[in-house]
Amino acid sequence: MNSAADIWERVLSLMQQTMTETTITTWFSDAEPIALDENRFILYVPTDFKREIVASRYIGDIKKALYDLFSAELEVVVLSEEEKEKYGKREPVSRFLPGTEEYTFERFVVGNSNKLAHAAALAVAEHPAENYNPLFIHGESGLGKTHLLYAIAHTIHKNHPDYKIVYIRGEDFTNELIRDIRAGKNQEFRDKYRSADVFLMDDVQFIAGRDSTQEEMFHTFNTLYEDKKQIVFTADRPPKEMLRLEDRLKTRFEWGLLADIQPPDYETRMAIIKNKAIRMGVELPEEVLIYVAENITSNVRQIEGTVKKILAFRDLLGSNVDASSVTRAVRDMFKETSDILPTAEVIIEEVGKFYDIDPNAIRGQGRTKATSWARHIAIYLTRHMTKLSLKDIGKEFDNRDHTTILHSIDRVEKQCKTDPETNEVIKDIRSNINERYN
């Protein structure tokens, strides 16, 4: 069921159970399905008389059939000839934040686990810098924090197209600052961020522990706040749990509203799966819906990926795939997902990014204090995040022997026991690594 025509055929089939063939032929024979657009099913009826009859008498029947297909309420829009032409000539989607157009408030499934964050984000989007400033949304990876940031951005852009909206990840903010300092473009950097009307930072936890970045953030925050500009942050934990974050920033981040997002409960997971299925024009058997909702319990991103894979599985095997075969495919996906482990190469790359050190230097024989410590961290994470033996880990680090590898692991483990900041660093790098596999 991948097109509006397929959906309309199923709708007519369902309506035939309660309507006569004469009624179907008389009023719907020349109706043309146009699209499943957002939460609307678009239908074209060519004559004014038929269109009025369909709109006044049969909209309820069409909506009921759509609900039977998708287990969700959809609006039904009946277009005239003129409206159909306008619909076909709609202006292309704005390229503001390209690739994020689908992340809107309408497509965000609200449940008990995210109700506060959604309400706060919507309030900020509708009335920037009037309600909650700053807004700080925190929760684990894959629960919808970035979705809400994009939704805020798109709503404000739609209502205030003249506003300068800046979106940046904490890690990218740091890297850009380093590049601009090296290039002597400090003022350009400051002008870019301090002149924003709306400042959105994703994963702000990655600025913690970086002195120059925190200094820049302190002054950027003060400038924007004093100018009554909207500020929104997301992070994987609340400010008070960022041990390497300066106290002056912690207090500022807490000036507005803190809103957390928890893993979705069963009802919310079911709603998310159905919502994703609607977007793709897929009718999933109830057994599959239940199976996915029961087995993916913590990550919205994985739920979406699973629905996409089910669609691909269905298309490859044809339209007659039954519930049991799809369930087997989903079970295999869960198995594949659980077996995915990061490679040593990815771990070394992410450690290099975090410390701003070339990955080749981490692998090699460089003995500066910073490079040696980054190497210890990379070896420690490789040991704990992969199934490589000590010998194989040694090969990844310029053929070091297992005694050297054990020494690195031991040093980091001892440091973790006495230094909370080391634990914070490892948590941040782990988060970056895992993000590449979600």
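Predicted model: local features only at pLDDT ≥ 70, side-chain atom pairs only at ≥ 80, totals over all residues.
Student: Leaving aside its neighbours within four places in sequence, what is Thr146 in contact with?
Tutor: Residues are numbered from 1 along each chain as its sequence is written, and side-chain values use heavy atoms, with hydrogens and water left out. Contact means heavy atoms within 4.5 Å. With those sequence neighbours set aside, Thr146 is in contact with Tyr167 and Asp202.

Student: Is Thr146 buried or exposed, or in between?
Tutor: Buried is under 20% relative accessible area, exposed is over 50%, and partly exposed lies in between (1.4 Å probe, protein chains only). Thr146 has a relative accessible area of 25%, so it counts as partly exposed.

Student: Which residues does UniProt list for "binding site"?
Tutor: The record is an unreviewed entry, its positions follow the numbering used here, feature names are shortened, and annotations may be inferred rather than shown by experiment. For that feature UniProt lists Gly142, Gly144, Lys145 and Thr146.

Student: Why is Gly142 called buried?
Tutor: Gly142 lies in the loop between strand S4 (135-138) and helix H6 (145-159); helices (H or I, at least four residues) and strands (E, at least two) are DSSP runs, numbered from the N terminus. Beyond residues up to four places away in sequence, Gly142 touches Asn299, Val300 and Arg301. Gly142 is called buried because its relative accessible area is 6%.

Student: What do the buried residues of H6 pack against?
Tutor: H6 is mostly covered, with 11 of its 15 residues buried. Among them are Leu148, Leu149 and Ile152. Their packing partners are helix H5 (115-126), S4, strand S5 (165-169), strand S6 (198-202) and strand S7 (230-235).

Student: In the largest nonpolar core, which residues touch the most other members?
Tutor: A nonpolar core is a set of buried Ala, Val, Leu, Ile, Met, Phe, Trp, Tyr and Cys residues joined through side-chain atoms within 4.5 Å. Of this core's 26 residues, those touching the most other members are Trp8, Val11, Met15, Phe28, Ile62 and Leu66.

Student: Where does the largest share of this core come from?
Tutor: Several elements, including helix H1 (4-15) and helix H3 (48-70), each supply at least two residues. The largest share, eight residues, comes from H3.
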